[in-house]
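Please read this short report with the model open beside it.

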Amino acid sequence: MGSSSARRLILAGLVGLLVTGGAQVAQAHRTELSLEIISDQASITPDGRSMRFNLTTRCDRKWTIVEATVSVSQVGASGAGPFTPSCNRLTNVVVVDVPVVNGTFHTGPAEATAVLVVGQGPNKRAEDTGALRVRPSVSGLLADQATLESDGAVRIDVTVTCPMSAVGRGGEVRIYDGRIVGTGTFGPTPCDALPHTVSVRVASSDGSFQVGSAEASAFAGIEEGGDFISSFDLRTIQIVDG
């Protein structure tokens with residue numbers, strides 16, 4: 001009799017352990033919804049039509065995204081738009097681009113708010129706000145084609161766009177055709193939120209460029225408030241006869 005009672009007690013204890021263990025496993029696999037603005041700085045496009053910064057999300061791929069929006073406000077301008085969260089039960093960095101709705105974004109302080117609502121039975125909501133320091137950006141884009149000149153150098157266009165709050169500092173172009181590398185520089189372009197195209201002569205002390213495919217890179221720089229900001233463009237171009 002005592003032996004049967006002992007066996008029943010042991011079996012009950014084992015069942016209890018299994019149930020408790022199962023509950024712990026279920027708890028360990030439960031995903032908590034989270035959202036956080038992690039940037040203390042943001043950048044705006046040269047024309048002030050969009051602002052970019054980073055946030056983190058944590059959500060489950062099985063959940064339905066009901067709302068994922070970001071809004072930004074600053075003196076004289078505001079913007080809002082959706083973002084796409086990464087839902088894989090891990091904490092992921094998401095880069096958000098917020099289009100302007102009113103006015104034009106500019107450098108200086110801004111306030112950002114992010115909202116993420118998911119459907120998991122009853123909806124769950126996460127929200128975060130943060131202060132941002134908005135910095136300018138510069139765009140320097142290479143043409144897809146360069147022209148070979150009679151002395152073996154090449155000439156290529158670079159289009160630079162920078163905001164009115166900044167000062168242009170010029171830039172540099174490098175071209176490699178598989179045999180030689182050449183460098184050319186260009187001076188400051190106006191910063192008025194409009195694109196300005198400059199023709200850059202690129203030469204090499206190692207010889208003449210040849211017609212055909214080449215790798216080209218360019219950077220353009222601006223300065224604002226003591227900060228130096230640059231852009232970088234890398235692409236495959238074609239060198240053609242002039």
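## Threonine 107

A residue counts as buried when its relative accessible area is under 20%, and as exposed when that area is over 50%. The model discussed here is predicted. T107 has 19% relative accessibility, so T107 counts as buried. This residue sits in the loop between β6 (92-103) and β7 (108-119).

Which side chain makes a polar contact with that of T107? The partner is E224, and the contact spans 3.3 Å. Beyond the neighbours within four places in sequence, T107 touches I44, V134, R135, P136, S165 and E224.

## The seven-stranded sheet

An open sheet is built from seven strands. Their order is β12-β11-β14-β15-β9-β10-β13, with mixed pairing. At the edges stand β12 (181-186) and β13 (196-202), and each of them pairs on one side only. On average, neighbouring strands of this sheet are turned by 20° against each other, direction ignored.

Within the sheet, β14 covers residues 212-224 and β15 covers residues 227-241. The two strands pair in the antiparallel sense, over 13 bridges. E223 stands opposite F228 in β15.

## Disulfide C59–C87

How many disulfides does a search of the whole structure find? It finds two. One of them joins C59 and C87, with the sulfur atoms 1.9 Å apart. The torsion about this S-S bond is about -85°, so the C59–C87 disulfide is left-handed.

C59 lies in the loop between β3 (50-58) and β4 (64-74), and C87 lies in the loop between β5 (77-82) and β6, so the pair ties together parts that are 28 residues apart in sequence. Both cysteines are buried: C59 has 0% relative accessibility, and C87 has 19%.

## Disulfide C162–C191

C162 is joined to C191 by a disulfide, S to S 2.1 Å. The torsion about the S-S bond is about -100°, so the C162–C191 disulfide is left-handed. C162 is in the loop between β10 (154-161) and β11 (167-176), while C191 is in the loop between β12 and β13, so this pair ties together parts that are 29 residues apart in sequence.

Are these cysteines buried or exposed? C162 is buried, at 0% relative accessibility. C191 is buried too, with a relative accessible area of 15%. With bonded cysteines counted along the chain, the disulfides follow the pattern 1-2, 3-4.

Methods:
Residues are numbered from 1 along each chain as its sequence is written. This is a predicted model: local features need pLDDT of at least 70, side-chain atom pairs count only at pLDDT 80 or more; totals for chains, interfaces and linings use all residues. Side-chain values use heavy atoms; hydrogens and water are left out. Helices (H or I, at least four residues) and strands (E, at least two) are DSSP runs, numbered from the N terminus. Buried means under 20% relative accessible area, exposed over 50%, partly exposed in between (1.4 Å probe, protein chains only). A polar contact is a pair of N or O atoms within 3.5 Å; within protein, one must be able to donate a hydrogen and the other to accept it, and residues adjacent in sequence count only if both atoms are side-chain atoms. Contact means heavy atoms within 4.5 Å. Two strands pair if DSSP finds at least two bridges between them. Axes are lines fitted to C-alpha atoms, for helices over the stretch in contact, and angles run from 0 to 180 degrees between N-to-C directions. A disulfide is a pair of cysteine sulfur atoms within 2.5 Å.
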